[in-house]
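Please look over the fold and the ligand site of the protein shown here. A short report goes with it.

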Amino acid sequence: MKLRYTPIANYVQTVEAVINHAGLRDRIEPVRTRPFDPGIDLADYNPLGTVPTLVRPDGSAIYGGLVIYEYLDSLHDAAPLYPAAGEARWQALRRAWLADGVFDAMVRIIVEAWEKPDEQRQTTIARNWLKITRGLDALEKEAPSFDGLDIGQARAVGAISFVALKIAPTAAASPHVDPTFDWRAGRPALSNWFDRLSGMEIFQEPLIRL
Ligand SMILES: N[C@@H](CCC(=O)N[C@@H](CS)C(=O)NCC(=O)O)C(=O)O
């Protein structure tokens, strides 16, 4: 299977962790893909033109990070990242969606910061910034109850790593982003949980060399 991915650090951390958890490294061929490049063939596989996109051997594609993770999770016999049923499943899916929304809000801010500073929309950045801070605050409240590993937690590690990495370069490009923002400040439970989980082997063995 070919994994179309953006060659930027931490864009791919969640899918790499899922691949590692599933023991699928040998079955995945990473293909560097810059989704914003004009003329890119990505839309041939995914009409939305987004990464990650997973192209299977028969040419059919699975896309949307959360869908790809669940597909990969269906291909192994170890403990599933997607609980099979019941409240555990709803909570894992909701948390994965929350974390994915934090990631997407950061992407929207990054894209806005590509504009010239005086053409950037402060309201767009502020609205998305609130999604990030409120999302992190919600995860801080939930963190004391985090147990084991599920897709919600895996996606949260990926989203937080991404936000942490992108603050400085985005603030450098935008007068509307606070360069001193520290996601850990006031979030001790999340911070402790993050250090514990992100140290797991599945997060520490990148499949993709940037
Ligand atoms: N949360 C979504 C994010 C997908 C997404 O928007 N990826 C960006 C990464 S830069 C992208 O491909 N953007 C290209 C575009 O919107 O045209 C997922 O996991 O599938």
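## Model and domains

This is a predicted model. The protein chain is divided into two parts: domain 1 spans 2-73, and domain 2 spans 86-204. Their centres, taken over C-alpha atoms, are 21 Å apart. Domain 1 gives 15 residues to the contact, and domain 2 gives 20 residues.

## The four-stranded sheet

Four strands make up an open sheet. Their order is E2-E1-E3-E4, with mixed pairing. Strand E2 (29-32) and strand E4 (61-63) stand at the edges. Each has a single partner strand, so one side of each lacks a neighbour in the sheet. From one strand to the next, the twist averages 25°.

## Strand by strand

Strand E1 covers residues 2-5 and pairs with E2. That pairing is parallel and has four bridges. Lys2 has Glu29 in E2 as its bridge partner. E1 also pairs with E3, here in the antiparallel sense, over three bridges. The bridge partner of Arg4 is Thr53 in E3.

Strand E3 covers residues 53-55. Three bridges join E3 to E4, and the two run antiparallel.

Which strands does helix H2 lie across? Helix H2, residues 65-73, lies across E3 and E4. Its direction is at about 120° to E4.

## A cis peptide bond

Most peptide bonds are trans. The bond that joins Val51 and Pro52 is cis, with omega about 0°. Pro52 lies in the loop between E2 and E3. Val51 and Pro52 are also among the residues that surround the ligand.

## The ligand site

Which residues surround the ligand? They are Tyr11, Pro35, Phe36, Gly49, Thr50, Val51, Pro52, Gly64, Gly65, Asp100 and Asp104. Gly65 belongs to the residue range of helix H2, 65-73. Asp100 and Asp104 surround the ligand too, and domain 2 runs over 86-204.

A polar backbone atom of Val51 is 3.0 Å from a ligand oxygen atom. At Gly65, a backbone N or O atom lies 2.8 Å from an oxygen atom of the ligand. A side chain takes part as well: a polar side-chain atom of Asp100 lies 2.8 Å from a nitrogen atom of the ligand. Taken alone, the ligand exposes 500 Å², and the protein buries 80% of that.

Terms used: Residues are numbered from 1 along each chain as its sequence is written. This is a predicted model: local features need pLDDT of at least 70, side-chain atom pairs count only at pLDDT 80 or more; totals for chains, interfaces and linings use all residues. Side-chain values use heavy atoms; hydrogens and water are left out. Two strands pair if DSSP finds at least two bridges between them. Axes are lines fitted to C-alpha atoms, for helices over the stretch in contact, and angles run from 0 to 180 degrees between N-to-C directions. Contact means heavy atoms within 4.5 Å. A residue is near a molecule or strand if one of its heavy atoms lies within 4 Å of it. A polar contact is a pair of N or O atoms within 3.5 Å; within protein, one must be able to donate a hydrogen and the other to accept it, and residues adjacent in sequence count only if both atoms are side-chain atoms. Accessible areas come from the Shrake-Rupley method with a 1.4 Å probe; for residues, only the protein chains shown count as cover. Domain bounds come from an automatic or database domain assignment.
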